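Subject: Structure handover, salt bridges

Hello,

Here is the structure for you to look at. My notes on its salt bridges follow below.

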Amino acid sequence: MAKGRGFYRQLMDTHYIAMTGMCGGEGMSRKEASMRMQAISLGGYVENIGTEKLDEIFAENLYMVKVYPNEQSREALRVFKMSDGKREFFDLSTKPITREEFTLVDASEPKPAGGFVITDTCLPVCPQECIDHGSVLYVVEQEHCLYCGNCFSICFIHVIEQK
């Protein structure tokens, strides 16, 4: 990130970033493409680590050599490291949809999973039909859940927990 940019100042002030990237549906109408999308969302706290890792970034992104051709021009750059946040992958082309949370930080530090847990039936309100009712306990298949909260909001016996 170039030190002269407004975005750099924002990161330095807030120490937080949220980004979403989408792909899929190339060559289709907008309506068709919307159901072929895959998206990744990242959000978390950032730390300015200076020029550490800059050589690695340039080795993997050769186009940057054309933008910043010498060491003097690269003095404007700083590297940010994201940690302690939430990351999700969505694939709308699968039925039910696929949603997966993942972490970019040390895997030895357990992170609580989000979502909803069901211990009784709320099947009709789940738009993805991702409530597994094949056992005694009903279970929300977290990898397909949209986190819409329909099951949570209509449960009159309050057995659904939001994590």
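A salt bridge here is a side-chain nitrogen of Lys or Arg within 4 Å of a carboxyl oxygen of Asp or Glu. Some background first. This is a predicted model, where local features need pLDDT of at least 70, side-chain atom pairs count only at pLDDT 80 or more, and totals for chains, interfaces and linings use all residues. Residues are numbered from 1 along each chain as its sequence is written, and side-chain values use heavy atoms, with hydrogens and water left out.

The count is four salt bridges.

Lys-53 pairs with Glu-56. Their closest N and O atoms are 3.7 Å apart. Lys-53 is partly exposed, at 42% relative accessible area. (Buried means under 20%, exposed over 50%, partly exposed in between, with a 1.4 Å probe and protein chains only.)

Next, Arg-74 and Glu-71. Their salt bridge has its closest N and O atoms 3.6 Å apart. Both residues sit in helix α5, residues 71-74. They are three residues apart, so about one helical turn separates them. (Helices are DSSP runs of H or I, at least four residues, numbered from the N terminus.) Arg-74 is buried at 13% relative accessibility, whereas Glu-71 is exposed at 55%.

Then there is Arg-99. Its side chain meets that of Glu-101 in a salt bridge, 3.5 Å from N to O. Arg-99 is buried, with a relative accessible area of 2%. Glu-101 is partly exposed, at 28%. Salt bridges with shared partners join Glu-88, Arg-99 and Glu-101 into one network.

Best wishes

Definitions and conventions
Helix = DSSP H or I, 4+ residues; strand = E, 2+ residues; numbered from the N terminus.
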